Amino acid sequence: MTESNQLEAVASELIQTFEITSPPIPIEIMLQRPKPDMWHEVDITELSVGFLRAGGHFSPRMSLARLLARHVIQSEWGEGRGLREIFKDDRDESLLRSFARMLIMPADMVKALSPSARTPITMSMHFEVPEDDARQRLKELGL
């Protein structure tokens, strides 16, 4: 199984664990109310404005998605799914960013969209993500 396929499977399992069935993915709630063997609850009110990177309407959600990805990777839950091994090196941020996109735009939910809805603009509104991230996610999925 490739790293990408493994990460997609972990993202899908996480979404199922939180019983999320439709977008937008509640990243904030996932951070604040982790399941057993996951991370410690995150107080989002303590995050700095700089962390939430202004840059567009939905940019703060992508910052939170990257924060969630880091918490998943470092958790016992993530370790049990081989994430620490995948992220063992201090690689560039591209793999982390890709994993964050998998979490906030799960493959099953993207593929469930009608072909006409699989555009960066529509996905941006549907998943509440920046258009650039929606465009990149479509490329990652080959759609």
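These legends accompany close-up views of a predicted model.

**View 1. Ser-75 sits between two helices.** Ser-75 lies in the loop that joins helix H3 (59-74) to helix H4 (76-79). Its relative accessibility is 4%, so Ser-75 counts as buried. The Ser-75 side chain comes to 2.9 Å from the backbone nitrogen of Gly-78. Beyond its neighbours within four places in sequence, Ser-75 contacts Asp-37, Met-38, Trp-39 and Arg-84.

**View 2. Phe-18 and Trp-39 form a stacked aromatic pair.** The count of aromatic pairs comes to two. In the pair of Phe-18 and Trp-39, the ring centres are 6.3 Å apart, with 15 degrees between the planes. Phe-18 belongs to the loop between H1 and helix H2 (27-32), and Trp-39 to the loop between H2 and H3. The two residues are 21 residues apart, and the pair links distant parts of the chain. Both Phe-18 and Trp-39 are buried.

**View 3. Phe-87 and Phe-99 form a tilted pair.** Their ring centres lie 6.1 Å apart and their planes meet at 45 degrees, so the pair counts as tilted. Phe-87 is in the loop between helix H5 (83-86) and helix H6 (93-104), and Phe-99 is in helix H6, so the pair ties together parts twelve residues apart in sequence. Phe-87 is buried at 18% relative accessibility. Phe-99 is buried at 0%.

**View 4. The second largest pocket has a lining of 14 residues.** Its space is about 170 Å³. Ser-12, Ile-15, Gln-16, Pro-106 and Asp-108 lie nearest the centre of the pocket. Helix H1 (3-17) and helix H7 (107-111) each give two or more residues to the lining. H1 supplies the largest share, six residues. The lining divides into eight nonpolar, three polar and three charged residues.

Methods. Residues numbered from 1 in each chain as written. Predicted model: local features only at pLDDT ≥ 70, side-chain atom pairs only at ≥ 80, totals over all residues. Heavy atoms only, no water. Helix = DSSP H or I, 4+ residues; strand = E, 2+ residues; numbered from the N terminus. Buried < 20%, exposed > 50% of the residue type's maximum accessible area, 1.4 Å probe, protein only. Polar contact = N/O pair within 3.5 Å; in protein donor to acceptor, adjacent residues only side chain to side chain. Contact = heavy atoms within 4.5 Å. 1 Å grid on protein atoms, 1.4 Å probe; cavity = no way out; pocket = protein on both sides within 12 Å on 5 of 7 lines; lining within 4 Å. Points joined across faces, edges and corners; volume = space filled by probe spheres on them. Nonpolar A, V, L, I, M, F, W, Y, C, P; charged D, E, K, R; others polar. Phe/Tyr/Trp six-rings, centres within 6.5 Å; stacked < 30°, edge-to-face > 60°.
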